[in-house]
Amino acid sequence: MRIACRSFAVAGIMAAAALGLLTTAASATTLNLVVADYGTGPKDTSQIYWQKIADDFHAVNPSITVKVQTINWNDFDTKVQTMVQNRQYPDITEGDYFSNYAQEGLLYKVSDVFTDPSNLMPVFKDLGSYNGVQYGLPFTTSARALFYNKAIFAEAGITNPPKTWEEIQTDAAKIEAKGKIGFGLPLGPEEAQAETLLWFLGNGGAYQDGGKWVIDSPQNVQTLQFMTQLVKAGDTEPNPGTKNRTDLFNEFAQGQIGMMNGEVALLPMITAANVLKPGDLGTTGIAGRTGPIDKTLGVCDFVAAFKTDGTKQVAIKKFLDFAFQDKYQLDFVHMYLELPGTTSAAEALAKTDATLAPFVKALPNAVQYPNDPVWAQVKTQIQQIIGTAIGPDPKPVLTTIQQTALKGS
Amino acid sequence: MSASRLRASSFAPLLWVGPAMALIALVVLWPVVIMIRTAFQHISPDGFILGWAGWRNFRYLFEEPDLYGILIRTVIWVIVVVAATMLISLAMAQLFNQNFPGRRVARWALIAPWAASVMMTSIVFRWALDPNNGVINVFLHDIGWLARFNTDASDWLGSPGTAFAWMMVVAVFVSIPFATYALLAGLQSIPTDIYEAAKVDGAGAWRTYRTITLPLLRPAFVVALLINVINVFNSFPIIWEMTRGGPGHQTSTTTTFMYQLKQSYIGESAAMSVLNFALVMIVVMLYLRATAKRREDI
């Protein structure tokens with residue numbers, strides 16, 4: 001019966017769309033949900049995850065239809081930004097959140113569209129806030145660690161994973177001698193800002209210090225000088241500035257790379273590739289110049305709700321309350337091995353999953369990206385040009401990025 | 001003829017060309033106006049107009065340290081790709097104008113690179129050039145030309161020089177079909193009796209080609225050349241899919257650079273568009289002059 005109703009509704013919507021008459025009817029609301037794809041192909045695309053929530057939700061709230069659109073991670077920021085530039089706002093996004101959307105007054109406050117904001121992980125509250133008001137709902141999180149292939153390490157005669165940069169270099173050289181890539185260094189556009197920050201942290205550097213931009217600080221220059229000679233020595237893949245994270249993750253999963261900074265999302269790729277034997281994978285703290293770094297990079301992807309014409313607030317709130325239930329949060333964790341965005345789901349996970357529990361415990365100490373509106377431009381520029389800092393003199397490249405940050409949005 | 005019928009007949013043509021003119025005004029002229037206006041506005045990355053910027057967008061554009069490299073690269077890109085395309089297409093057109101068994105199939109096959117999505121072709125080449133297991137590298141390794149995978153030598157798309165050369169190869173590959181067909185049409189329009197006369201006069205093959213085929217092929221050649229220049233200049237998917245203009249902006253042309261600027265600086269990107277537009281207009285003027293000349297010839 002319900003199915004019949006729904007197909008009538010769908011037929012009706014299609015007919016209306018065909019006539020170019022698609023307007024919000026008094027009784028029915030359509031929410032446009034635009035999400036990033038965490039999957040690696042049609043089998044595990046995030047479309048499946050969200051469509052299930054949308055269908056479950058529609059069954060309970062027949063007057064609200066959620067239209068799910070999934071976008072490849074590489075294109076997510078650009079496509080959402082293009083929608084905003086063209087004033088074709090999505091109602092809800094899940095993926096990167098940018099405080100400039102909040103600055104421009106495009107977003108609902110979290111308290112307007114979510115019943116229990118206190119359940120959202122507090123450590124990511126600032127990152128999702130603008131001027132002290134929270135606009136982004138932490139949806140999924142992850143913490144970084146150094147992943148290494150124990151089989152390759154054994155073959156190269158390495159007993160312990162590296163703790164310092166020097167050890168990274170020695171170990172990578174040994175692996176390189178066996179015909180594999182020693183250290184996977186993804187400085188290509190996909191997520192160069194993460195890899196760069198992990199290295200900066202290893203030398204006491206950062207993008208911002210106490211709210212001030214310090215991108216071209218002496219420590220950061222020194223860090224890139226070390227990375228440059230690591231690359232020049234052939235201890236990484238060639239030309240890291242053109243290599244993306246997902247491609248290198250895949251090569252790691254294929255047993256071609258000795259070690260690289262990774263996150264839990266890499267685990268499903270390793271399972272899918274079925275090349276590494278159980279027990280081959282090791283994870284450890286990320287190496288710094290003189291020892292492992294005590295903080296890791298915590299990354300959080302947010303849900304944000306756009307005001308559009310201001311008529312859908314009630315429907316959005318209903319949907320977000322529904323979608324953030326623990327069971328869906330844990331479904332996501334199990335589907336992609338990311339970590340949850342809510343405290344209740346994290347607690348449930350830490351109790352039941354021994355593999356992920358250490359990552360969950362590391363989250364409260366996580367270092368995060370700057371939440372300044374100009375970060376959107378800074379990030380884009382890091383992605384495009386940080387690879388060119390691998391060269392004789394990293395300083396001018398870092399200075400260019402620093403100037404972009406100071407210029408403002 | 002009465003006065004009213006005279007008036008009606010003088011308005012009649014407007015009725016026919018009016019819709020076309022309105023369409024051109026709407027989809028061609030209006031965007032140009034918007035583009036030029038945008039180039040003088042200060043716009044936030046999310047598309048909010050923050051006021052007029054004067055010439056500031058152009059100043060920022062010309063202050064971009066990478067711009068001059070990009071301009072020079074764009075010129076090289078257009079000249080090399082178009083020249084190679086036209087030379088190869090001249091030979092191909094000559095070949096396809098001969099009678100040989102399977103000519104019909106061969107002519108159909110030539111359409112493939114043209115019919116296939118350029119983006120798809122670019123992705124195929126990107127994979128084929130993968131430094132670790134791309135099929136081209138595997139082949140080079142098997143014949144002993146490539147000592148090791150995952151080295152600078154196997155990472156064609158990693159360093160700007162080799163990446164740019166490979167992208168030119170792809171650009172030539174996808175441009176050849178159109179140019180060949182345009183030239184083939186030109187060859188077929190040359191009357192056969194001229195060749196017979198040349199034969200009677202005892203002209204050799206090369207002399208016939210140089211003094212009869214080439215001059216008579218000129219109109220088709222010029223049209224194919226200029227359309228190619230515009231296509232190659234505007235080419236976006238090849239560069240975007242194979243290197244995204246990277247590392248840095250070292251394999252960008254003005255077209256991809258314009259797109260990259262758009263994400264953060266809309267006004268500056270519009271200024272780059274204006275510059276691109278001016279360059280294309282120059283080529284269009286040349287095209288119009290060439291076609292006007294052709295009409296005089298006839």
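**Exercise 1.** What percentage of the 298 residues of chain B count as buried?

*Solution.* The model is predicted, so the confidence comes before the count. Chain B has an average pLDDT of 90, and 95% of its residues score at least 70. For the model, the ipTM is 0.79 and the pTM is 0.79. A residue is buried if 20 or more other C-beta atoms lie within 10 Å of its own. By this criterion, 33% of the 298 residues of chain B are buried.

**Exercise 2.** Describe the secondary structure and the overall dimensions of chain B.

*Solution.* Begin with the elements: chain B contains 12 helices and 2 strands. Their order along the sequence is α-β-β-α-α-α-α-α-α-α-α-α-α-α. Next, consider the dimensions. The C-alpha atoms of chain B occupy a box of roughly 80 × 65 × 30 Å along the principal axes. The radius of gyration of chain B is 25 Å, whereas a compact globule of 298 residues would have one near 19 Å. Finally, examine the contacts with a separation of 6 or more: in chain B, 66% of them join residues 24 or more positions apart.

**Exercise 3.** Which residues touch the most other members of the largest nonpolar core, and which strand gives the most to this core?

*Solution.* The largest nonpolar core has 115 residues, and A:A304, A:I316 and A:L320 touch the most other members. Strand β6 (residues 137-149) of chain A gives the most to this core, with 7 residues. At least three residues of the core come from each of domain 1 (2-142 + 299-365) and domain 2 (143-298 + 371-407) of chain A. Another core, of 35 residues, lies apart from it and includes B:A93, B:W166, B:A179 and B:L217. To see the surroundings of one residue, take A:I316. Leaving aside residues up to four places away in sequence, A:I316 touches A:L31, A:D91, A:I92, A:Y108, A:V113 and A:A305.

**Exercise 4.** How many residues of chain A are in contact with chain B, and which element of chain A gives the most to this side?

*Solution.* First, count the partners: 24 residues of chain A are in contact with 22 residues of chain B. Second, locate the contributing elements. On the side of chain A that touches chain B, the elements giving two or more residues are α3 (73-85), α4 (99-103) and α16 (375-385) of chain A. Among these, α16(A) gives the most, with 5 residues. Third, classify the residues on this side of chain A: 7 are nonpolar, 14 polar and 3 charged.

Terms used
Residues numbered from 1 in each chain as written. Chains lettered and ligands numbered in written order. Predicted model: local features only at pLDDT ≥ 70, side-chain atom pairs only at ≥ 80, totals over all residues. Contact = placed C-beta atoms within 7 Å. Helix = DSSP H or I, 4+ residues; strand = E, 2+ residues; numbered from the N terminus. Nonpolar A, V, L, I, M, F, W, Y, C, P; charged D, E, K, R; others polar. Rg over C-alpha atoms; globule rule 2.2 N^0.38 Å. Buried ≥ 20, exposed ≤ 12 C-beta atoms within 10 Å, placed from the backbone. Core = buried A, V, L, I, M, F, W, Y, C linked by C-beta atoms within 7 Å. Domains from an automatic or database assignment. pLDDT = per-residue confidence, 0-100.
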